[in-house]
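Take a look at the protein below.

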Amino acid sequence: MKNKIMMLLACVLMLSFAACKSEKEKAVEQLSNTMEQLGIEYPVQVDEATLWTNTTFEEPFMVYHYTLDEDDFGEDVDVHAAMEGMEYQLKQLLRESLKEAVHMDNTKDLLTKAGLGVRYQYTFSNSGKVKNIDFSADEVAAL
């Protein structure tokens with residue numbers, strides 16, 4: 001009898017886990033559909049030096065991929081080092097931009113359901129260095 005109860009409990013837990021997982025998968029699928037509906041054709045030139053190359057879902061983030069053209073900043077400027085030094089200010093600017101973006105449609109709700117944060121990933125054209133600026137799922141939910 002004890003074994004049957006344990007097996008029943010295990011089944012209930014597995015079904016609960018499957019239901020949660022499918023809810024998360026549904027939210028990611030809806031986010032993907034929203035991106036498709038926006039009709040974004042990559043790459044998108046954001047400004048002289050920044051190219052938006054893709055948007056992907058890489059647990060635990062929805063990732064905006066950008067390439068920064070280091071040549072646009074001149075030879076004497078280490079763009080990666082400059083971004084490292086200005087990370088706090090960059091994150092504040094991106095937070096405001098993200099706040100506006102997630103409230104335009106149901107993106108915030110879907111990100112929250114999926115348990116995803118948002119990552120802005122900058123790849124530097126010459127050096128290949130990568131700089132990530134992350135917003136956790138909790139930070140996104142609080143926007």
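Tyrosine 120 touches Tyr64, Tyr66, Leu94, Leu98, Lys131, Asn132, Ile133 and Phe135, leaving out residues up to four places away in sequence. Contact here means heavy atoms within 4.5 Å.

The model is predicted, so local features need pLDDT of at least 70 and side-chain atom pairs count only at pLDDT 80 or more, while totals for chains, interfaces and linings use all residues. Residues are numbered from 1 along each chain as its sequence is written, and side-chain values use heavy atoms, with hydrogens and water left out.

## The overall layout

The protein chain has five helices and five strands. Their order along the sequence is α-β-β-β-α-α-α-β-β-α. Helices (H or I, at least four residues) and strands (E, at least two) are DSSP runs, numbered from the N terminus.

The chain has 143 residues, and 30% of them count as buried. Buried means under 20% relative accessible area, exposed means over 50%, and partly exposed lies in between (1.4 Å probe, protein chains only). The chain exposes about 9,400 Å², and carbon and sulfur atoms supply 56% of that. Such areas come from the Shrake-Rupley method with a 1.4 Å probe; for residues, only the protein chains shown count as cover. Take the contacts between residues at least 6 apart in sequence: 54% of them join residues at least 24 apart.

## The nonpolar core

Which residues have the most contacts inside the largest nonpolar core? They are Leu98, Leu111, Tyr120, Tyr122 and Ile133, in a core of 26 residues. Two or more residues of this core come from each of H1, E3, H2, H3, helix H4 (107-114), E4 and strand E5 (130-135). A nonpolar core is a set of buried Ala, Val, Leu, Ile, Met, Phe, Trp, Tyr and Cys residues joined through side-chain atoms within 4.5 Å.

## The largest pocket

The largest pocket has a volume of about 790 Å³. Its lining has 31 residues, and the closest to its centre are Tyr66, Leu94, Ser97, Tyr120 and Tyr122. A pocket is an open set of points on a 1 Å grid over the protein atoms alone, where a 1.4 Å probe fits, with protein on both sides within 12 Å along at least five of seven lines; lining residues have an atom within 4 Å of a point. The volume is the space filled by probe spheres set on the points, which are joined across faces, edges and corners.

Helix H1 (2-38), strand E2 (50-58), strand E3 (61-68), helix H2 (79-85), helix H3 (87-102) and strand E4 (117-124) each supply at least two lining residues. H3 gives the largest share, seven residues. By type, the lining divides into 25 nonpolar, four polar and two charged residues. Ala, Val, Leu, Ile, Met, Phe, Trp, Tyr, Cys and Pro count as nonpolar, Asp, Glu, Lys and Arg as charged, and the others, Gly among them, as polar.

Threonine 107 lies in helix H4. Is threonine 107 buried or exposed? It counts as buried, because its relative accessibility is 10%. Beyond its neighbours within four places in sequence, threonine 107 contacts Leu31, Thr34 and Val102.

Threonine 56 sits in strand E2. Residues up to four places away aside, threonine 56 touches Phe61, Met62, Val63 and His65.

## Two cis bonds

Most peptide bonds are trans. Here, a cis peptide bond joins tyrosine 42 and proline 43, with omega about -5°. Another cis bond joins glutamate 59 and proline 60, with omega about 5°. Proline 60 is in the loop between E2 and E3.
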